[in-house]
Amino acid sequence: MKLTLKVWRQKDANSAGKMETYPADNISPDMSFLEMLDVVNESLIHKNIEPIHFDHDCREGICGMCSLYINGQPHGPKRAITTCQLHMRSFKDGDTITIEPWRAAAFPVIKDLAVDRSAFDRIQQAGGYISVNTGAAQDANNILIPKVIADEAFNSATCIGCGACVAACKNASAMLFVSAKITQLGLLPQGQPERYRRAQSMVAQMDEEGFGNCTNTGACEAECPKEISLTNISRMNNDFLSAKLFREEEIAHSGE
Amino acid sequence: MELDGKVPAGPLANKWSKYKFDLKLVNPANKRKYDIIVVGTGLAGASAAASLAELGYNVKAFCFQDSPRRAHSIAAQGGINAAKNYQNDGDSVFRLFYDTIKGGDYRAREGNVYRLAEVSVNIIDQCVAQGVPFAREYGGLLDNRSFGGSQVSRTFYARGQTGQQLLLGAYSALNRQINAGKVKMYTRTEMLDVVVVDGHAKGIVTRNMINGQIDTHSGHAVLLCTGGYGNVFYLSTNAIGSNVTAAWRAHKRGAFFANPCYTQIHPTCIPVTGDHQSKLTLMSESLRNDGRVWAPKTVEIAQKLQKKEITADQVKEDDRDYFLERKYPAFGNLVPRDVASRNAKEMADEGKGVGASGLAVYLDFADAIKRLGEDTVRAKYGNLFDMYIQITDENPYKQPMRIYPAVHYTMGGLWVDYNLQTSVPGLFALGECNFSDHGANRLGASALMQGLSDGYFVIPFTLGDYLAKQGPKKVDENHPAFAQTKQDVIDHVNKLISLKGTKTTNEYHRDLGHIMWEYCGMARTEEGLIKAKKMIQELKVDFWKNAIIVGKNEEVNASLERGGRVADFIELGELMVDDALMRRESCGGHFRLESQTDDGEALRDDENFAFVAAWEFMGENQPERLNKEKLEFEAVHLSQRNYA
């Protein structure tokens, strides 16, 4: 296959960026999208041009490191996969492919196609956990959890933290990401004691990071490589409101 | 030198509990006077950092990824073993210990392995308490499945994403401590050296991967939790970023490197399609619970399959050889990984491999689908099947999967004693980056167990003993050793940056991988290894002459990062070959063609090789010195492994 790439190049966070055009020759349909970029980068290095920088690591769709806005869609044209799982057989010989980084004020560009998603970590640090010290746990089978609840919590827990939901959203909202964690822990019996406090802290941090609000467009759900559902957002709103209306006192008194 | 593993005396079952009592403690008020450096935030690193911070130590944690949640533990699929005996099928701590020692072909330390089996039950409790959503039965109890090398169901799992769920659990515990101010987290930061003062590890040197800044960090102890070195083969199931640099630089500062030739080739990976391939993808061992491995009985049929003249479902039952079930009726498709891999290679070598390259065998779910229905199979393995479809464009619900062995895990690593301390006092190694628990072959679902055992339940005790004996007085960063080590790192970086040759570091890495796979892969011979050693030495000289690294240090520079890692892999590759040459026996994943039984199984030589080989760095381009730790077996009887 022979392709033309239009790629966002940006030296660092403080420099202006622009689109550059590169040919991608000798591309096999069996290559993954990132392997195609590897081939292009090898040819750039041979010409002593700095390779296109992009984030990637596991290359099997689970680490959440890869990103890329491909032809206007996070993780490219196919549903429910990450960029590293996208293969070139999804494109046609002669295609022009536009590749951009995630666009969101809370995700500043680091270089070229890589962005800083540390805002996600800070939201998790604000409350995305159950407070249990190592060694303080009871026997695992003492906690009975109905299979449907465990499965539902698992579905929320499969979020890989890639940020496609934010990139897809016209408001750059992080609500799908945040709600997935709140839902996972909020569904489980172990998560009950801190349930409302958790929702408040995580939402407060989300707001502080500058993510936008949710207007129920559903683009996040459509683009999520792990198919995290909008139901998570409803659950989060429920917990958040419940915390605001009925549990302020309880939360204030449970501080560490 | 004869090494002492410091395994406590006394009966096996009491060693750890007695030892824990004998260890010195740091009192709660004094813990805040100690600074601990943790490098790597996978299962071992995140669990250690969180647990130590909970105890009151000040922790600095480092990872090269953009978030601790990305560490490669996240990709582990199948599950985690624990001797809970929830299934009432005869499991016990001793059985898990025994299976692990036997699976490792009697090349692991008894005391360590028993402790691992003992704390395995606590790991499951801890993870459930954190909210890890393990698979459950309808009654609300935890579900189990079977893995290779065992005849009980002791593997806990979260669909095909167990590593992800366990890591997110450890990550949440880590986040709680970051929020509490007890852990300071450094992301996109790569460790490039260890600072050693008067023989003790007192800090590290790092490079900030955003702006290239080289910094020093001091601490009372340094914990390396930096994973394995499977990427020395270029193609492996490891993440692209997985590397040996932290461990290797520590090795060059005095930490012995043990059993580097023990590498695990996983039997069920998606076969290679071409030279463009950047990594290989595993299909979880759990698939062998329901999938049946086979190859055509004759070369003629194999050739027709290779040329796509017929499809797999057209091969008659009588023309199929379910070779694992045939040769190992007791364990069937669930033999250990090294055995399954070697048998698949044997089929391919005999010309009975399938797929365009002939380098694959089938993993067939037709029977399982008939027995359980497609929906049940989808519920159990759906995400793995989807992954297979994405990569191969073939449908495993209709046609059997094509699988072939690929490098997956490294049992070798930094030598540690029972305390997880390396040969450099104050420098500890946890998880895959140490050598300790898996001998010459790791059983499935045991890597997660070991990483979390080391981090949650071993290091919090053994580290305290070291710290209590050292006292809280700190060597600060004004000590000349910090400036010197930092300068060494800067010089090394500058040397890499000055390389403006003609061959990319990726090309060197691929060349190294070809050498390692060909001569130090699934089958090794003296002749091949000698040849490989020479080729690697030539590759190293060529690298430092002709490699090309673009850009400068003071920026995001993937070319520089890759260059440093490849340079270290080349050096490690040579040591692996030395180790494989020295070990003239076969054991587990190390298969010397010169040493096999009449049936073609790995033939150990216990008289001469029942030891851990711990290599000592003697200077650049000097042969390394071999130190031995004798392996003593009290509880198990050494025998030829038999899975038939």
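H3(B) passes H4(B) in a crossing that is right-handed. This is taken from a predicted model. The two elements are helix H3, residues 93–103, and helix H4, residues 110–130, both of chain B. Two packed helices are described by the angle between their axes and the distance between the axes. For H3(B) and H4(B), the axes come within 8 Å and the crossing is at roughly 135 degrees. An angle counts as roughly antiparallel when it is over 145 degrees and as roughly perpendicular from 65 to 115. H3(B) and H4(B) are therefore oblique to each other.

The side of H3(B) in this contact consists of B:Val93, B:Leu96, B:Phe97, B:Thr100 and B:Ile101. H4(B) contributes B:Glu110, B:Val113, B:Tyr114, B:Leu116, B:Ala117, B:Glu118 and B:Ser120. Sorted by class, the contact of H3(B) with H4(B) has eight nonpolar, two polar and two charged residues.

A second pair of helices in chain B gives another angle. The axes of helix H2 (residues 43–55) and H12(B) come within 8 Å and cross at roughly 20 degrees. Angles under 35 degrees count as roughly parallel. H2(B) and H12(B) are therefore roughly parallel to each other. Their crossing is right-handed. From H2(B), the residues in contact include B:Leu43, B:Ala44 and B:Leu55, and from H12(B) they include B:Leu448, B:Tyr456 and B:Pro460. The contact of H2(B) with H12(B) has 10 nonpolar residues, five polar ones and one charged one.

Next comes the nonpolar core. The largest one has 283 residues, and those that touch the most other members are B:Ala49, B:Leu223, B:Leu224, B:Val361 and B:Leu414. Helix H12 of chain B, residues 447–470, gives the most to this core, with 11 residues. Which residues does B:Val361 touch, leaving aside those up to four places away in sequence? They are B:Val293, B:Trp294, B:Ala295, B:Ala344, B:Met347, B:Gly353, B:Val354, B:Ile403 and B:Tyr404.

Chains A and B also touch each other. The contact takes 65 residues from chain A and 63 residues from chain B. On the side of chain A, the elements that give two or more residues are helix H1 (33–46), strand S6 (109–111), helix H2 (118–125), helix H3 (147–157) and helix H5 (175–187). H1(A) gives the most to this side, with six residues. By class, the residues of chain A that touch chain B divide into 26 nonpolar, 23 polar and 16 charged.

Two residues of chain A deserve a look at their backbone. Most residues other than glycine have a negative phi. A:His75, although not a glycine, has a positive phi of about 60 degrees. A:Ala80 is not a glycine either, and has a positive phi of about 60 degrees. A:His75 is found in the loop between strand S4 (73–74) and strand S5 (96–100) of chain A, and A:Ala80 also has its place in the loop between S4 and S5. Are these residues buried or partly exposed? A residue needs 20 or more other C-beta atoms within 10 Å to count as buried. A:His75 has 27, so A:His75 is buried. A:Ala80 has 15 C-beta neighbours inside 10 Å and therefore counts as partly exposed.

The last stop is in helix H15 of chain B, residues 526–546, where B:Ile530 lies. B:Ile530 is partly exposed because 13 other C-beta atoms lie within 10 Å. B:Ile530 and B:Asp578 are 48 residues apart in sequence. In space, their C-alpha atoms are 8.6 Å apart.

Definitions and conventions: Residues are numbered from 1 along each chain as its sequence is written. Chains are lettered from A and ligands numbered from 1 in the order in which they are written. This is a predicted model: local features need pLDDT of at least 70, side-chain atom pairs count only at pLDDT 80 or more; totals for chains, interfaces and linings use all residues. A nonpolar core is a set of buried Ala, Val, Leu, Ile, Met, Phe, Trp, Tyr and Cys residues joined through C-beta atoms within 7 Å. A residue is buried if 20 or more other C-beta atoms lie within 10 Å of its own, exposed if 12 or fewer, and partly exposed in between; C-beta atoms are placed from the backbone. Helices (H or I, at least four residues) and strands (E, at least two) are DSSP runs, numbered from the N terminus. Two residues are in contact if their C-beta atoms, placed from the backbone, lie within 7 Å. Ala, Val, Leu, Ile, Met, Phe, Trp, Tyr, Cys and Pro count as nonpolar, Asp, Glu, Lys and Arg as charged, and the others, Gly among them, as polar. Axes are lines fitted to C-alpha atoms, for helices over the stretch in contact, and angles run from 0 to 180 degrees between N-to-C directions. A crossing is left-handed if the near helix is turned anticlockwise from the far one by less than a right angle, and right-handed if clockwise.
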